[in-house]
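I opened the model to work through its core, a few helices, some loop residues and the ligand site. My entries follow in the order in which I looked things up.

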Amino acid sequence: MQWGLQNRLSRIIRPADGRTVMLAVDHGYFLGPTSKLEVPRETIAPLVPYADALMLTRGVLRTSVDPGAGVPVVLRVSGGTSIVGPSLADEGLTTSMEDALRLNVAAVTLSIFVGTDHERQTLLSLSKLVDEGERYGMPVLAVTAVGKELEKRDARFLALCCRIAAELGAHFVKTYYCDGFEKVVEACPVPVVIAGGPRLETFRDTLQLVHDALERGASGVDMGRNIWQDGHPVAAIQAVRAIVHEGHSVDEAFALYTKLAK
Ligand code: 5RP
């Protein structure tokens, strides 16, 4: 891997432990003013000190993140759809590599929609982005999106998606945790991080998810709702960090969360 690309990637996935806590705040790109992310700056600012990277669009980056914050950015460069439109899968590239470089981001990211009418267009967008990323030293994160079809989140399907993303050159992949997750990671030759998905019943469930994913080979998380929709988001992200970077058990991390949430 070329130096610039490796340097950028090492700002996201810490070389010390090969792990990362990315904070996903890109939901508005198709959901609009998502609950607890209505005013992005208010949600993001208190969490920045605990995030290894932020995943977001250029609009929220420019308006809602202090350029001096020093946090690495994974810039979402795909979109063009909305939750009220005909198909979430019908995404294209929304942001140029030139703008990503101007914004000095650490990586770019797009969603791929395998198994939909739009798989070809989203996979070719990934290939194009990787070509440009290789040219400019910019890592590419592929998100194996499922749109509204959350039931698709099983090991066979996600392994297919992650492997295709890696084969097309993605430098790291974001997917969902599932039963048999180790098979997804084994078959994917680049680092895999997990999304949190819709809010789980309890925060302890979130910690269990993070713990199980790491035990089965994930390189970390790129989570949103289960952190910032929690009643105590700053405590929540610190508890997730404790599992990812400090090897806490679920019980230890939950005790930390309870203490910090007081
Ligand atoms: C949407 C995304 C989101 O960033 C992703 O789903 C992570 O957020 P959450 O933990 O809320 O699921 O990539 O395609």
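**Entry 1, the core.** Which residues of the largest nonpolar core touch the most other members? Before answering I noted that this is a predicted model, in which local features need pLDDT of at least 70 and side-chain atom pairs count only at pLDDT 80 or more, while totals for chains, interfaces and linings use all residues. Residues are numbered from 1 along each chain as its sequence is written.

I found that Met22, Leu54, Val74, Ala107, Ala142, Ala170 and Val240 touch the most other members, in a core of 85 residues. A nonpolar core here is a set of buried Ala, Val, Leu, Ile, Met, Phe, Trp, Tyr and Cys residues joined through C-beta atoms within 7 Å. The largest share of this core, 8 residues, comes from helix 11 (residues 233-246). A residue counts as buried if 20 or more other C-beta atoms lie within 10 Å of its own, as exposed if 12 or fewer do, and as partly exposed in between, with C-beta atoms placed from the backbone.

I then took Ala107 and, leaving aside its neighbours within four places in sequence, listed its contacts as Arg8, Leu9, Ile12, Val74, Met138, Pro139, Val140 and Leu141. Two residues are in contact if their C-beta atoms, placed from the backbone, lie within 7 Å.

I counted 12 helices and 10 strands in the protein chain; helices (H or I, at least four residues) and strands (E, at least two) are DSSP runs, numbered from the N terminus. The radius of gyration is 17 Å, close to the 18 Å that the globule rule gives for 262 residues, so the chain is as compact as a globular protein of that length. That radius is taken over C-alpha atoms, and the rule is 2.2 Å times the number of residues to the power 0.38. Along the principal axes, the C-alpha atoms fill a box of roughly 45 × 40 × 40 Å. Buried residues make up 47% of the 262 residues, and of the contacts with a separation of 6 or more, 65% join residues 24 or more positions apart.

Helix 11 has 14 residues and reaches 19 Å from its first C-alpha to its last, close to the 20 Å expected at 1.5 Å a residue; the expected span is 1.5 Å times one less than the number of residues. The helix is mostly covered, with 10 of its 14 residues buried, and among them I noted Gln238 and Arg241. Its cover includes strand 1 (20-24), helix 9 (203-215), strand 10, helix 10 and helix 12 (250-260). Just after helix 11, Gly247 takes a positive phi of about 65°.

Does the length of helix 7 agree or disagree with its number of residues? Its 13 residues (155-167) should span 18 Å at 1.5 Å a residue, and its end C-alpha atoms are 18 Å apart, which agrees. I listed its buried residues as Phe157, Leu158, Ala159, Cys161, Cys162 and Ala165. These pack against strand 6 (107-112), helix 6 (119-136), strand 7 (140-144), strand 8 (172-175), helix 8 (181-186) and strand 9 (192-194). Just after helix 7, Gly169 has a positive phi of about 110°.

Asn104, in the loop between helix 5 (97-102) and strand 6, is exposed, with 11 other C-beta atoms within 10 Å, and has a positive phi of about 55° although it is not a glycine.

I found 15 residues around the ligand, the closest being Ala24, Ala195, Gly196, Gly224 and Arg225; a residue is near if its C-beta atom, placed from the backbone, lies within 6 Å of the molecule. Strand 10 (220-223) and helix 10 (225-228) are the elements that give two or more residues to this shell. By class the shell has 6 nonpolar, 6 polar and 3 charged residues, where Ala, Val, Leu, Ile, Met, Phe, Trp, Tyr, Cys and Pro count as nonpolar, Asp, Glu, Lys and Arg as charged, and the others, Gly among them, as polar.
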